[in-house]
Amino acid sequence: MAQPPAFTQLSTSPVFNTKAVARETGVPADTFRAWERRYGVPRPQRTPGGHRLYSEQDIAIIRWLRDRTDEGVNISHAVMLLTDTLDTSATDPSLNTDSRAFHLLVGELTQALTEFDLQRAERLLGEAFSLYPFEQVLI
């Protein structure tokens, strides 16, 4: 599975309307609007009239998610991978010197849930919520 490219190098200027994004990505507008509602990705800006405007970075993120779902990855898992990668690249390393990597916590939590180990799962969730933003853990 491909890792997300360096999205931070792309423009964040909101210039593309919904129709242009659907044409550029091949993803129906209803689909990426649902991703926005459910997972908070992409994050378009709004005009004073309430219309969504997307950036080059938003388009790249939609393409990346489209490619992962085309590979058979569940959209919620693809968003989690994307969010983890974006958060890791944006985080100041000095703030997390003692904390475990998010993806390791996710792996351990998945194993605990698969093994029906409720106590371990609760402990891991507590650790994740204490180390990472609520939205990231929730997704």
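**Entry 1: the end of α2**

I started just after α2, where G40 takes a positive phi of about 75°. Helices here are DSSP runs of H or I with at least four residues, strands are runs of E with at least two, and both are numbered from the N terminus. A note to myself: this is a predicted model, so I keep in mind that local features need pLDDT of at least 70, that side-chain atom pairs count only at pLDDT 80 or more, and that totals for chains, interfaces and linings use all residues. Residues are numbered from 1 along each chain as its sequence is written, and side-chain values use heavy atoms, with hydrogens and water left out.

**Entry 2: inside α2**

Which residues of α2 are buried? I noted A29, F32, A34, W35, E36 and Y39. Buried means under 20% relative accessible area, exposed means over 50%, and partly exposed lies in between (1.4 Å probe, protein chains only).

I then picked F32, which sits in α2 (residues 29-39). F32 counts as buried because its relative accessible area is 0%. Contact means heavy atoms within 4.5 Å. Leaving out neighbours within four places in sequence, F32 is in contact with T18, V21, A22, V27, V41, P42, Y54 and I62. I62 is 30 residues from F32 along the chain, yet their C-alpha atoms are separated by 7.1 Å.

Beyond its neighbours within four places in sequence, T18 is in contact with A29, F32, R33, R52 and Y54.

**Entry 3: P44 in the loop**

Next came P44, in the loop between α2 and β1 (45-46). Is P44 buried or exposed? P44 counts as buried, at 13% relative accessibility. Not counting residues up to four places away in sequence, P44 touches E36, R52, L53, Y54 and D58. I also looked up P44 and R33: they are eleven residues apart along the chain, and their C-alpha atoms are separated by 9.6 Å.

**Entry 4: a nonpolar patch**

Helices α6 (118-131) and α7 (134-138) each supply at least two residues of the patch. L138 is in α7, and L138 counts as exposed at 59% relative accessibility.
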